[in-house]
Each structure stands twice: as C-alpha cells, then as structure tokens.
Amino acid sequence: MKRGRVFSLLIGGIFCVALMSLYRMLEVMQKVEHRHPLDTHDQQADQDLSRLQQKIERLESLLSDNNRLVAMLRDSLLLQKPDGRVGGANISSGSAHNSAKPIPGCRLAEELKDGTDGVQLLDVYDLLPFDNPDGGAWKQGFEISYRGDEWDQQPLEVFLVPHSHNDPGWLKTFDDYYQDQTRHILDNMLTQLSLDDRKKMIWAEISYFSKWWNGIDEQKRAMVKRLVKAGQLELVTGGWVMPDEANSHYFALLDQLIEGHQWMQTHLGVKPSNGWAIDPFGHSPSMAYLLKGAGLRNMVVQRVHYAVKKHFARQQTLEFLWRQSWDSSPRSDITCHMMPFYSYDVPHTCGPNPAICCQFDFHRLAGRRVYCPWKIPPQPITEQNVQERALLLLDQYRQKSRLFRSPVLLVPLGDDFRYTESSEWEVQSTNYQKLFDYFEQHPELHVKARFGTLSDYFGALQRRLSSAGMSLPTLRGDFFTYADRDDHYWSGYFTSRPFYKRLDRVLEASLRATEILFSLTMAEIRRFHGDGLTAAGYPAREHFQKLTEARRNLALFQHHDAVTGTARDPVVIDYGNRLFHSLMNLRQVLQSSAHWLLLFDKSQYHHDQSEYFLQMDEEISAHDTLPQKKTITLSDKPRFLVIFNPTEQLRTSVINIVVDSLDAFVTNSETGRSLPVQVSAVWAEPNRASKTNFQLSFVAEIPPLALMVYHVTKAPAGSAPRTSYTVHRRGDSPTVHADNFQVSHLKASEVEAPVSLRNSHMEIWSSAETGLLQKLRLMSGLVRQLRVEFLWYGTRTRVNQDKSGAYLFLPGEEGAQPYSSSEAPLVRVSRGPIFSDITSYFRHFTHTVRLFHMEGHAGKSLEVSNLVDIRSENNRELVMRFVSDVANGNCFYSDLNGFQMQQRRTLAKLPLQANFYPMTSSAFLQDSTSRVTLLSAQSQGVASLRPGELELVLDRRLQQDDNRGLGQGVTDNKLTPSVYHLLLEDRRGGAQEVGGAAVQHLSLLAHLTSLALCHPPITMVTPSNSQLLKLSHFLPLGSSLPCDVHLLNMRTLDDVQEPGSPSQQVALFLHRKGFDCNSAPHPPPTCKWSAQDEVNLDDLFSPLRFRSIRRSSLTLLYDEEPNSARQQQPHDITRLRPMEISAFRVQMD
C-alpha cells in the first residue's frame, strides 16, 4: 500500500514538472525575436510557418517525454518481481509470458491506434455505389456550377506549372530516351528560363537530371543553380525516379529517395519541399510517410480511382492531410493535392471539359505534330480573340476551383516528354502570357494567373488557408486498386513479369547485405590501421563506386514502368542486364570485404580481381537465368565454408550446398564442434537423381551480422544421414533412378489416406494424389483446414472487348477455373533429420511444401515454393489459392511496401479484378481464435474473394496490348521461382478499430520469419586450390537487436571532399516494427524486446562503438540540432517509436 502511494506521488510530481516545462517553453517561444527581416510577404509567411512547425514539434517532444516517464512507472509497477525488485525494460527470452496479458512492447503500437478523426478510405469504398453515370463534359464527374461572385472577396489565384514527364524507360530504354528526348528538354529548359524570368518549370527524375548535369559545362551548371535559387526551376520529390508504389519494397523506395536527395544536396545545395507523383498506378501511404520523413511538406498525386476522385470533388476534399493509419498524432501528416480529372495532360488539367482545355495546349496548334482528339484545335492568341479566349479559359478555371476549398488553383501544363523543341516553349509561353496580361488588365474578373512551381502554389495555398482560418481534412488509407475508366482495374501489373519482380528483391537483399558488410569493413580497417588510413590492397574506392552503381540500378528499377512489368521487351532486357550486372558487382564487394574481415593475419590480404579468395556457392550466367549451385569437391583436407548472416538477429538456418560426396561432415572452424547434417539427392529430372552431385544440408546457428567459418570434409562411407524418399503417381508406379538413396512407393492401402509430415511445432496433411496441402495442426492443439489449389484465369473473349494486358486484369466471365492436367503429377515425399518435404511435379509448375525439424521460431513456419513455367500457354494467368476454415468474413490484410498492413474488404458491388490488391511481402486472414499469415519473398497480386480464401497470381501470359500505351502483350515469360512461408497462429483478441477500419500488425513471429525469408544467409566457399590461411569468425555484435527493431541499412556516405570515395560517416537506419498484441510466440524468441520507446544505441550495437551520433531526416538532408529538445540526453540514448524509421549519421569504431 505504502509503495503504491509513493508511485502515485511520483506520477503526480512528474505531471507537475511536465506542466511547468510546457509553460516555460511557451514563455521562451514568445520571446523569440525575428532577427532577419525578409524581403517579401511570402518569405515571411514561409518562415513563420516553419517556426510554428518547430514549436509544435518541441511541444510534442515535451508531451512525449512526459508520457514516456509515466509509462515507465506504469511498466515498473506491472513488471515488479515477487521479491519487490523492479524488472528492467528489456524482457528476456526466458521470461514466462502469461497468455492473458499483452506482450511487453506491443502496448506502444496499440497506443498509436486511438485516432478516429478524418476520412477513412475503407469507409469511402463502403459508401460509394461505383455506378459510373455519364457526367457530361466531365464524363466521370458531374456538372459544376457557380454564381460568379464567389471570387469577389478572395480573387482566384492560378498557378500554371510547366512540367515534362520523363519515364526512365518504357517504350525506349533509359539511355535511348535520354539521347532522343530528355537531354533536349533540359537544354531547352535552361535556355528558355534564362531568357525570361517569368517562365518556370518543375522537374522530378534525378536519374535523368544527373546524367544531363554530367554532360554540361561549369557555365551551364552555374546557370542551373541561379534558376533554382531564383525559384524558376524546382526539383520536385527529388527521387532517382518517380517510383511505383504497389510493388516496390520500402527499402528500395527510401534508397532511391536518398540517392536523389543526396545528389541534389551535393551538386545543387538544395532540398526538395514538394512531392510530384502523377503517373504511378495508385498511391501508398508508405510513400507519403517517407516523403514527410525526408522533410517534404506537400505532395501531388494523380492516378486515383475515378469514383473516389468524384466523391472527393463533391466533398471538396481533394486536398487533405494524409495521415498514417497507425498514427493518432499529426506527426506523419503531409499536405496532399489530388488532381481531379482523368489525366495529367493539358486537356485534363485546366478544367472539367477536355475539349476546351485541349484548345489551350498550344503545342497542338495547327501544323504541329500533336493534335486535339476532340477536333477543335487551339488558336493563337491575338488582340481580336483574346477576350473570348480568356473568358473561355477562365470559365474552366472557375469550375475547377469549385472543387477545392481555397481560391488558389494548381494547373499543370505538360505531358510525357514535352518541351523537346524550343518552339514549344515559345508557343506556350507567348500565348499564355497574353491571356495572363488580359486577366491583369481586367480586375473585375478577380483572377490573377501566372507561371509557377509547386512551391509557389503550396505557399499561396497555406497563406489563404491560414488567413481564412481553414484547415484541411485528415485522411487515412491507400489508393489501391486504381481504375481509370469503366471496370478497367489496374491489378494486372501487381504480378506482370514476376521473374524480374523476384530479381528486384534478390538485388535489394544483396545491396543491403553488402552495404552493411562494407561499412563494418571500413570501420574495422580504421580501427586496425588508424583514422584516415585504408588497408593496403583493399580497393575501398572501387568497391564504393560499385555500391553506388548498384544503388542507382536498383533505384532505376523502382520506376513505375520497370518493377511493374509494364515496359517493352527490349527495355525489360536492359533493366534485367543492369540488375544482373550490379548483382555480380555486389558479390565482388561482399567477397572482398568478408576476406579482409576473416583473416587472422591482415597482412595476408591480397585483392585479386581475377580470382577472389572467397567465391559464392552459386552462379548466375545471365539476367534471365536462375542461380545454379556450384559443386564443391571434398577430400580429407577441409574446405572453408563462410556463412554471412545479414540480419540483426541470431538465426538458426538450414544451409544447403552441393558436394561431390555422399558422406561429409561439417564442423565449426574454431570450436571443432560437428553440426547436424542431411544428405539429399540432386534431382536432374523428377524421377532421376544425379549420380555425382549431392545436396549437403546442415543447421548453422549464426550470430547477428556475423561471418561464421566452417570446415567441410569428406566423411567415411555411410556416416552421414541420408534422406529417404517415397514416390507416387496415380495410375502407374513411376520408375525412379536414385541408386544411393532409399526409395519406396506408396502401398495401395496408403493411396487413399493423406500423406503426413510433422515436426515439434506442427503436423501437416497433404493429398497423396496431388501432394497439395489439406490440413495443418499446431502442437498447441489448433487445427485448421488449409487446402492449396491451383487455378487458371483467362481473359475476355468477345470481339471488340478489352482484354487483360500488362496493366489491366480483365478476367473472363467464367472466373477462375480449376487447374487440370491430362497427366497425373509425380509426388515425391522426402524425409530426413533436418527437413522433410512434399514435391509435386505438374506440367506448368513444381510445388514444394517443406517442414524444418528445428527448435525455436525457425521451425514454426511451412515453406511453400513454386517453380512456374507457363510459356506454352496463351492468355492465361496461374493462381495459387489457399482455402481455409478461418472465419474472416469479407476482410483480410495485405501489406503496403513491406512497411505496414492495410485492411482490405472484398466488396460484392465491385468486379472480381477490383478485389485484387498489391502484396509486397505479406497477407493474412484472421478470426477471433486464429490467424493464417502468408509471407512472400517477392511482390504479386493477392485477393480473398470468399471467406477463408487467400489467392495469389503467380504468372500471367497475355497476347495483346490493353490500350494503355505499351503497344504489346506480355509474352516474355521465364522459368520463375516464388517462395513463401506459411504461419498458423493462435489469437486471443480482436482488432483495434480506427474510424471503422481495423489497424493490425504482423505478429512478432511473422516479423522474424519474414526477415529470415527476405534476407537469407549468404554462403561463400574457398577454391579447392587455395592455400589454407587462418580464418577467424567475425562477430560485430554481442547480441541480437530487440525483436521489433530492424536494421534497415548501414550505408556508407560519399566523401564530400573527394566525391566517389567512401567517407567515415555511415547512415544508420533503424525501423521499429509495430507488432500484434494478440499472439505471443511460445517459446519466446531468443531476442529481447523493449516496453519503452527509448534505447541506448551503444548497448544495442555493443561492442561496436559510435564516436558520433546525429539524428537526421530519412534522406539525411536535415540533421537535428544538438540543442533541440530531443537532444537533452546522452547522445547514445534515442527514441525509436513503433512503426517509425529513424535515421542517424554515425561514425563507427
């Protein structure tokens, strides 16, 4: 009782101190003086807004500190031990968790879910009829009316924003577009803007801008800087590309943003303020989060479902504050402007009537190469027609203005690859200037129009909103799945070209692993040789340049016609070659870095580019081929095997290599301890095993970020456990050639019964006839029907009917049809001490489900893999469907960019193709007692068309164009792998509701499983003829990071003094995952997790030490000032909020 009073007094005292601190902070703020009077009202307003934002952030920080202290006391009470001592914030893996209580740490994620204000897009979807009536001139909208006096008090302010949308690859390759069009566009921009300071332009793609910059002289570079400083040229978004927002993983989205922003900072000394995403096929809040975290304040989007646009236009909510679904505070808010009409071209940007707006695209004047489809061409503006033309245009401006809350209007002026000719600048600017002058000369029209940039527009918007005391509505949710007209839903590109979607993620994982190992190597070299010195022979600059090229090639592939699979065949080949080239280069950096780190005697390091001391255990011959395992020749002399764990967690993994011996043993090179092994057949054909090559599997426990060294040696005959096989094919008894292995056939009495496999965590049952999964039971007792089916979708067949293509999914009226084959599949069941699996060989795919016989979380998931080949088919899409008895109703969850989960609702009022959504890395179904989660190593389309079902599109082969500009079908299919992990988990509670939409996270177990799936161990081996050098393990971390803290990257930064060389600074990115409170892994994982949002970085990364730590924005453009409110604590203590990504500039020792 006495202890309770003491804690009550403490909490009350903290509240008082916090309240006094708040009043003191407000008092200090009132005394801030404006030391630098600004030249203009605009600059003054911008600075005031900036100061206000800083004040709000300081207040938020103080409030957060107060809440944190209270939470610490509350947790201390909850975690008191029986002897009266108070437990620490970190809960160890050995702690016993009461299943009725939430997991410590998940509470923080739950607290962020209490917001209910604003618009929830899921509710909008429930509300809309999706009936698509003809809206007249604005076909997808409605008639807009106005009285005429609406602007008498607040004149209409129009900003005409010239832009040119340059795809970094689509119908032509990146280089061909640059040579043929883009360089001319930028040359013309420089000339025209320099001639007339009234002309302005925005530019988005830094990939093109940097290439152009490299080819111009210093005089032109100085001109560019002057234009940027004067506000005539604005670089918007500042990413390497304008990325796809459906298939791209958040690592790659952020990485391409960093690459562009760092280039801007280095070469131009500017920071972007506004986002411009006019062509991605749907929009994700993950991108909005990254932009806000990078320091941007506003953004523009375009491709949103036409029915949603219409609804927002009626409600005047086309401008809103986009907030993260999991965030109840305004911290993540970013101002978003949604363009209201069909497209971003001129006919669809001046107002609702494209036939009229097209008349004001002066690039389409009679005699030029482009014309108006409405057959009313533009007219040059003259004294005789200026009044009629100006009033006609003003009417469109006024109608469009009525869709927004403020009298400030954004009117883009451009299209794809515009302004390639200088004459286009001249006809647009000359004719528009005459119209602007007419407006200026007639104040009774109450309109002011001029060329502008996004900064001009959003600055004016914020001033108008502020002066009127208006605020924008808050919106949560995402803008998938996009439809541009009728029932034409863009859900096909979620899967198109799946081979390259998989290659994208392989390169992403390789880049992250290499970045981390290179940064650790550079820190270790500095420790070994002293500051400023590099190891003799270690090619740091050469490696860094390969890293930079890989960053840029991965970034280029995030373009919205690259990772989407929507480019022409030669362009896809160009992308593929770039990805392949970088993958090979990264391997060299990885091999070289591992070599240096592992050498006991560093003086023995020698860099030989022709033959690396360490080599990968697999080889890839070309961009469109699959990796093949190298055969390792064994003898009595040990071969070094090096395994790199690129994750921040201690992991127990099954390592598979191919050897030339039936018997082998594997030992830890330092302890000499033997590891469990299993020898399996290497199947040259479904029923014929290789006689010379064998798969050796062993279980390795690899510490976080560690390089572990093992010895592989030939063993006495018969000493290694071998896999046993059972085969079956309906109708006949297949002949199997596998002389060195025990092979049996199913008995007649066994054919009707399901095949069963089990480990210590679960048991599965599969059909003996097909090998496909039927049921899964956890050892806790939970049982779920979980049937795997394969199906085909066709496309529409009627004459003159639109059909599926690279972008669109337009299935036939018959819907999905069960997969059938004239020949029964060969089913092979493998059983061994490390893994057991069931493989089914169908004509168009090979399907495997595998169980691992391991303790801990590594054995709790079922690995599901497919090898798909539909090259013999026409106009077909192959689907894998899971059918369960989970009672999820019409709701399921899919991830957005691997960053967050989004609730989906399958709506009967929408066509089948509208109920497919992007799945970058995960999806799940759940009811009150269970959750089925599917984790993926590649992106694809996903749907839950009926309760208990989850289906994924594996590949699509389509013979025709879908009339979205590509001009071809998708027929360049490859032999394509896909890998998944399936989890069944007990649940003990419902979801938190936010504005009618449940916010959910993956479980802790799912996060750890996804991490292992997406970042597999990397295996290297020494050549057979290499000399035996002394190698020792490299163990940079003393323990795993907390379970919910993901090391997103450790990226060595460019040296400012010597561009192209690595600096001593590293960008450290940590993502604290939000995880589900309703399922606790049992037994708990080996990592710890924290109930608090503050961590000690030195403790996390011990024995690594950070000489300096500076928190920064996500793209490192804004470093937090040392004296800010958040820095009043030791530099190694930092706040990691759930769901948030935190960036730091660090120097490592």
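**Charged pairs and a helix**

Reply: Start with a pair: Arg551 and Glu515 are both buried. Keep in mind that the model is predicted.

Me: How far apart are the closest N and O atoms of Arg551 and Glu515?

Reply: Arg551 lies in helix H16 (residues 540-557) and Glu515 in helix H15 (residues 498-529), so the pair ties together parts 36 residues apart in sequence. Their side chains form a salt bridge, with the closest N and O atoms apart by 2.7 Å.

Me: Is Arg905 buried or exposed?

Reply: Arg905 meets Asp126 in a salt bridge at 2.4 Å, N to O. The pair links distant parts of the chain, 779 residues apart: Arg905 is in strand E36, Asp126 in helix H4. Asp126 is partly exposed, at 39% relative accessible area. The cut-off for buried is under 20%. Arg905 has 9%, so it is buried.

Me: What is the relative accessibility of Arg688?

Reply: Arg688 forms a salt bridge with Glu685 at 3.4 Å, N to O. Glu685 counts as partly exposed at 38%. Arg688 also counts as partly exposed, and its relative accessibility is 35%.

Me: Which residues are linked with Asp175 in a network of salt bridges?

Reply: The count of salt bridges comes to 60. In the network, Asp175 is linked with Lys211, Asp574 and Arg578.

Me: How many residues of H17 are buried?

Reply: Helix H17 spans residues 569-598 and has 30 residues. From first C-alpha to last it reaches 43 Å, close to the 44 Å expected. The helix is mostly covered, and its buried residues number 23 of 30.

Notes. Residues numbered from 1 in each chain as written. Predicted model: local features only at pLDDT ≥ 70, side-chain atom pairs only at ≥ 80, totals over all residues. Heavy atoms only, no water. Helix = DSSP H or I, 4+ residues; strand = E, 2+ residues; numbered from the N terminus. Expected span 1.5 Å × (residues − 1). Buried < 20%, exposed > 50% of the residue type's maximum accessible area, 1.4 Å probe, protein only. Salt bridge = Lys/Arg side-chain N within 4 Å of Asp/Glu carboxyl O.
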